[in-house]
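Open the model in your viewer and keep the selection tool ready. The stops below go from the whole chain down to single residues.

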Amino acid sequence: MSINYSIPMDYTRRKIRVTVVGCGRWGSFLAWYADQLGHKVTVYGKAGEISYEQLSMTRQNEYVRFSKSIELTTDITRAIKTADVVIVSVPSQAFRNVMGDIRGKCDMTGKYLVTCMKGIEISTGKRLSEIALEFGLESWQIAVWAGPGHVQEFTVGNPNCMLIDGYERSTVERIIEYFKSPLIRFYYGTDVIGTEIGAAAKNVMGIVAGVLDGMNLVTLKGALMARGSREVARLIKQLGGNPLSAYGLCHLGDYETTLFSPHSHNRMWGENYAKGKKYDKLAEGVHTARAMALLADKHGVDMPITCAVNTMILDKLQPRAMMEQLFDRTLKDDLV
C-alpha cells in the first residue's frame, strides 16, 4: 500500500494546534504525522538532550524529516500555551516529573493531554492516566493512545490499527477525529485500566520473546502468547478492568510488532540479554516487569511469566534459569 504524504490526507479535518512533549522515536513520529495531517505542530524537548539537539540542528533523525512548519522549542510554557492537544511521549518513569513541569509552569485549562507511552510507574504501581489525574487534570482531558505500530513501518506507508481510550467517550471520539487517516485505523477504547495495563504488559512479553529468539526457542512464542495474555487478563480483572482487553489491540493485537518485529526494542533487549550482550536503546519492559511484579504481589494475582522475567533481570539470571523456573511449576488446567 502506498500513501502520498506530500499533502494532508483529509482537507475537511478540523485543524488544531498540537504540542508533542518528547523527541524520541515515537514523539518525533507523532509530530511528523500530525504535521502531515495539516495540524500546527510544536515539539518540546530539553536543551542538551541528544534527541532534541539533533532535530534542532538537522530537522531530522533516523526515523523522520521535519518540514519547516514544525516549531521546536525548549520552552515548555511557550510550547503548551497555544496547544489544543498536548501529546506526551517520554520514558514512562519520567512521566511524573514531566507532569510536574507542565502543571508547575503551564495552564492546561481546556486542553487535552494524550499519553503515548506504555508503562507503569515502579514506585507506586500507578497507571499514567492515574498520575495525570493526581496533577489536577479532569478526566475528560485525558486520552490514552495505544496499540500496534512501528515508526519504520508507518513512514513507508504501511498501515496499522490502533486505539484511543479515555475516561470520557466524547474525548475518545474527538481525539480519533483529529488523528484518523488512511494510515492509522483507530478503534474506540472502552476500558482505560485494561488498555494501560495491557499496553504496558506487552513490553514485558516482548522481552521474553527476545530471550526465546536468543535461545533459538522461537516455537515457544505461541505458548508465550497464549499464557502471557492469560495472566495479563487476570491482572486487569483484579484491578477492575475488563479482562477481554488483554485480547484486544492494546495487548494481544500488539504482539506481532513486539514479539516478532526486528524494530521492537523490547524484543531486541531480550535477544541481546540471552546472547550476553548489552542493548542501550529504551526498552520499557525492563521497568514494567518490576512494576507489574509488584502489582501482582500486592493484589495476589498469579503472573508467572512476568515475575520470572523480573527475577531474571533483577538477579541477572541466565535465561535458561528463567525457563526452568517456568517449566518446573505445578501443572494446571489450560484455561485457568
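**Whole protein**

Start with everything selected, bearing in mind that this is a predicted model. The protein contains 14 helices and 8 strands. Its radius of gyration is 20 Å, close to the 20 Å that the globule rule gives for 336 residues, so the protein is as compact as a globular protein of that length. Along the principal axes, the C-alpha atoms occupy a box of roughly 60 × 40 × 35 Å.

Colour by burial next: 54% of the 336 residues are buried. Of the contacts with a separation of 6 or more, 72% join residues 24 or more positions apart.

**Helix α4**

Select residues 95–105, which form helix α4. Which residues of α4 are buried? They are Phe95, Val98, Met99 and Ile102. Viewed down the axis of α4, these buried residues fall within an arc of 100°, so they line one face of the helix.

**Arginine 59**

Move to the loop between α2 (50–58) and β3 (71–73) and pick arginine 59. Its phi is positive, about 60°, although arginine 59 is not a glycine. Most residues other than glycine have a negative phi. Arginine 59 is partly exposed, with a relative accessible area of 24%.

**Leucine 259**

Select helix α10 (residues 255–260) and, in it, leucine 259. Is leucine 259 buried or exposed? With 0% relative accessibility, it counts as buried, the cut-off being under 20%.

Show what leucine 259 touches beyond four places in sequence: Lys202, Met205, Gly206, Ala209, Asp213, Lys221, Leu224, Met225 and Arg267. For a distance check, draw a line from the C-alpha atom of leucine 259 to that of glutamate 62; the two are 197 residues apart along the chain and separated by 22 Å.

Go on to helix α13 (residues 304–315) and pick asparagine 310. This asparagine counts as buried, at 6% relative accessibility. Leaving aside neighbours within four places in sequence, asparagine 310 is in contact with Ala289, Arg290 and Ala293.

Follow the chain into the loop between α13 and α14 and select lysine 316. Lysine 316 has a positive phi, near 55°, and is a residue other than glycine. At 68% relative accessibility, lysine 316 counts as exposed.

End at helix α14 (residues 319–327), whose buried residues are Pro319, Met322 and Met323. Down the axis of α14, they fall within an arc of 100°, so they line one face of the helix. What covers these residues of α14? The cover includes α8 (192–214), α11 (265–274) and α13.

Notes. Residues are numbered from 1 along each chain as its sequence is written. This is a predicted model: local features need pLDDT of at least 70, side-chain atom pairs count only at pLDDT 80 or more; totals for chains, interfaces and linings use all residues. Side-chain values use heavy atoms; hydrogens and water are left out. Helices (H or I, at least four residues) and strands (E, at least two) are DSSP runs, numbered from the N terminus. The radius of gyration is taken over C-alpha atoms; the globule rule is 2.2 Å times the number of residues to the power 0.38. Buried means under 20% relative accessible area, exposed over 50%, partly exposed in between (1.4 Å probe, protein chains only). Contact means heavy atoms within 4.5 Å. The arc is that of the directions from the helix axis to the C-beta atoms.
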